Structures are given as structure tokens and as C-alpha cells.
Amino acid sequence: YLANEKEIGVTLHLMSDKLDAGEILAQIKYPLDRYKTLDELYMQNFKFVPELFDIAVDNLENQKFVNSMSTKRSYLGFPGREGIEIFRKQNGKFI
């Protein structure tokens with residue numbers, strides 16, 4: 001919630017020297033349910049990984065990549081103390 005995200009998702013991509021900078025092999029995005037805890041959102045995302053993995057392997061074999069121009073790349077690491085306080089003020093829950 002810290003960056004006013006409207007959606008959440010999972011991206012599988014090739015490794016590179018920079019974080020989240022490799023070619024995207026598979027991706028899914030969906031609306032963010034602000035009433036779910038951080039733990040519930042992580043668990044929900046993990047459910048998509050097996051299907052995305054199959055797609056990613058096929059795309060890698062065929063050298064087919066998701067168009068990175070149409071994909072906003074972002075990475076939000078675990079928040080620091082200030083971010084956690086803001087998260088809690090917004091009624092965010094970790095578990």
C-alpha cells in the first residue's frame with residue numbers, strides 16, 4: 001500500500017546484474033485486495049508459480065519474451081521502520 005499500488009502480481013524473468021532487470025519470461029497481474037494481509041498476498045502469489053513456470057520454460061525455449069515496454073518494472077523490498085509505521089496507519093496487516 002505504500003506506493004498506492006492498484007495491482008499485484010508475479011513475474012518470472014532471466015537473471016541479470018541488476019534486480020528485476022532481466023528479460024521477462026512470464027507474468028501475471030491482478031487487482032490488489034487491500035483487505036488481505038501481506039502473508040495472504042504472498043501465499044496467493046505462490047499459487048501462480050507452477051503455471052507461470054511452465055509458460056516461462058516454453059517462452060525461454062522459443063526465445064519469446066514479454067514486451068518490457070508494456071510492463072512497468074517495479075520492485076518494492078520489505079519496508080523499513082518508517083514504511084511499516086505508514087503501512088500500519090493505513091490498516092495494513094502482515095499476518
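Let me begin with Phe48, which is partly exposed at a relative accessible area of 23%; buried means under 20%, exposed over 50% and partly exposed in between, with a 1.4 Å probe and protein chains only. This is a predicted model, in which local features need pLDDT of at least 70 and side-chain atom pairs count only at pLDDT 80 or more, while totals for chains, interfaces and linings use all residues. Residues are numbered from 1 along each chain as its sequence is written, and side-chain values use heavy atoms, without hydrogens and water.

The structure holds two aromatic pairs. Rings of Phe, Tyr and Trp (its six-membered ring) pair if their centres lie within 6.5 Å; planes under 30 degrees apart count as stacked, over 60 as edge-to-face and the rest as tilted. Tyr30 and Phe48 form a tilted pair, 5.2 Å centre to centre with 40° between the planes. That pair links distant parts of the chain, 18 residues apart: Tyr30 belongs to strand 2 (residues 24-31), Phe48 to the loop between helix 1 and helix 2. Helices (H or I, at least four residues) and strands (E, at least two) are DSSP runs, numbered from the N terminus. Tyr30 is buried, at 13% relative accessible area.

The rings of Tyr42 and Phe46 are stacked, because their centres are 6.4 Å apart and their planes at 20°. These two residues are four apart in helix 1, so about one helical turn separates Tyr42 from Phe46. Tyr42 is partly exposed at 44%, whereas Phe46 counts as exposed at 52% relative accessibility.
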